[in-house]
Amino acid sequence: GIRISKGTYVSWLSHDDYLHNNKIKKQLNILESSKRKICFSNFIQVDRFKKKIKSIKISKNLFIPKYSILFRDNFNFCTALVKKSVFKKIGFFDTSKIHTQDYNMMFRIFEVYKPIILSEFLFFSRKHVNQNSILFEEEANSEKQDLYISKFKQIQFIFSRSNIFKKIYITFFLRNKDLKKITQKLFKLIKSQNIIL
């Protein structure tokens with residue numbers, strides 16, 4: 001779809017989610033008035049009846065985006081409006097990754113581009129029992145774990161240069177992922193730093 005699209009911008013939407021009516025207009029206006037090439041927004045998680053579960057503020061992250069996505073799962077690529085030229089430079093989605101191709105793409109984008117993040121809630125992510133991440137939880141967790149293991153040198157680099165508050169933040173959110181191999185690596189890292197968290 002991205003390859004054959006003819007527009008200047010690309011917006012990706014999963015089949016069970018929906019956008020705020022003004023999402024694309026607001027993001028287009030801000031991108032057209034800046035030199036940036038990608039814009040994200042905060043979003044709201046809803047149930048299958050569109051009832052609000054919680055608000056997710058990616059605009060309030062402690063780290064810059066390319067570090068933040070190493071620790072937190074609060075970026076949603078469906079909130080993004082992206083210039084098509086970004087894909088020409090970065091490449092397309094890795095379709096061999098069934099559950100993490102969006103995060104893999106964001107890792108690659110954030111290494112090159114600094115996104116604009118709007119504080120407005122312009123996207124609605126539906127949570128339900130038929131999601132692939134729930135239906136195929138073991139497979140999804142395994143793929144997720146492989147992705148984060150491949151990034152662990154970066155995690156180690158950031159952790160070693162962080163103050164105690166940021167170390168606690170990193171530890172909390174990595175443990176919250178409940179990925180066994182990541183937890184083991186994290187505990188070894190903490191021990192090597194001679195600190196107690």
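Leaving aside neighbours within four places in sequence, Ser 68 is in contact (heavy atoms within 4.5 Å) with Asn 61, Phe 63 and Phe 75 in this predicted model. The residue lies in helix H2, which spans residues 65-71; helices (H or I, at least four residues) and strands (E, at least two) are DSSP runs, numbered from the N terminus. With a relative accessible area of 1%, Ser 68 is buried, a term that stands for values under 20%, whereas exposed stands for over 50% and partly exposed for those in between, with a 1.4 Å probe and protein chains only. The side chain of Ser 68 also makes a polar contact of 3.0 Å with that of Asn 61. A polar contact is a pair of N or O atoms within 3.5 Å; within protein, one must be able to donate a hydrogen and the other to accept it, and residues adjacent in sequence count only if both atoms are side-chain atoms.

The model is predicted, and local features need a pLDDT of at least 70, side-chain atom pairs count only at pLDDT 80 or more, and totals for chains, interfaces and linings use all residues. Residues are numbered from 1 along each chain as its sequence is written, and side-chain values use heavy atoms, with hydrogens and water left out. The pLDDT, which is the predictor's confidence in each residue on a scale from 0 to 100, averages 90 over the chain, and 97% of the residues score at least 70. Confidence is highest in strand E5 (residues 81-83), at a mean of 97, and lowest in helix H5 (residues 132-135), at a mean of 68. Where pLDDT is low, the predicted coordinates should not be read in detail.

The side chains of Asn 104 and Arg 108 are joined by a polar contact of 3.0 Å. Neighbours within four places in sequence aside, Asn 104 is in contact with Asp 94, Lys 97 and Leu 147.

The largest nonpolar core holds 43 residues, of which Phe 40, Phe 71, Phe 77 and Ile 109 touch the most other members. Such a core is a set of buried Ala, Val, Leu, Ile, Met, Phe, Trp, Tyr and Cys residues joined through side-chain atoms within 4.5 Å. Two or more residues are given to this core by each of E3, H2, helix H3 (84-90), helix H4 (101-112), H6, H7, H8 and H9, and H4 gives the most, with six residues. A second, separate core consists of seven residues, among them Leu 31, Cys 39, Leu 81 and Leu 118.

In helix H7 (residues 152-160), Phe 152, Ile 155, Ile 158 and Phe 159 are buried. These residues lie on the same side of H7 because they cover an arc of only 120° around the axis, the arc being that of the directions from the helix axis to the C-beta atoms. The cover over the buried residues of H7 includes H2, helix H6 (137-150), helix H8 (164-176) and helix H9 (180-192). Phe 159 has a relative accessible area of 0%, and its C-alpha atom is 9.0 Å from that of Thr 171, 12 residues apart in sequence.

Turning to the strands, E3 (residues 38-46) and E4 (residues 52-56) pair in the antiparallel sense over four bridges, where pairing requires that DSSP finds at least two bridges between two strands. Ile 44 stands opposite Ser 55 in E4. The two strands form a hairpin with five residues between them, and Lys 50, in the loop between E3 and E4, has a positive phi of about 70° although it is not a glycine. Most residues other than glycine have a negative phi.

Strand E3 is also joined to E6 by seven bridges, and these two strands run parallel; the bridge partner of Val 46 in E6 is Arg 126. Strand E2 (residues 18-19) pairs with strand E6 (residues 116-126) in the antiparallel sense over two bridges, and Tyr 18 has Phe 124 in E6 as its bridge partner. In the loop between E6 and H5 lies Val 129, which counts as exposed at 62% relative accessibility. The C-alpha atoms of Val 129 and Asp 47 are separated by 9.7 Å, although the two are 82 residues apart along the chain.
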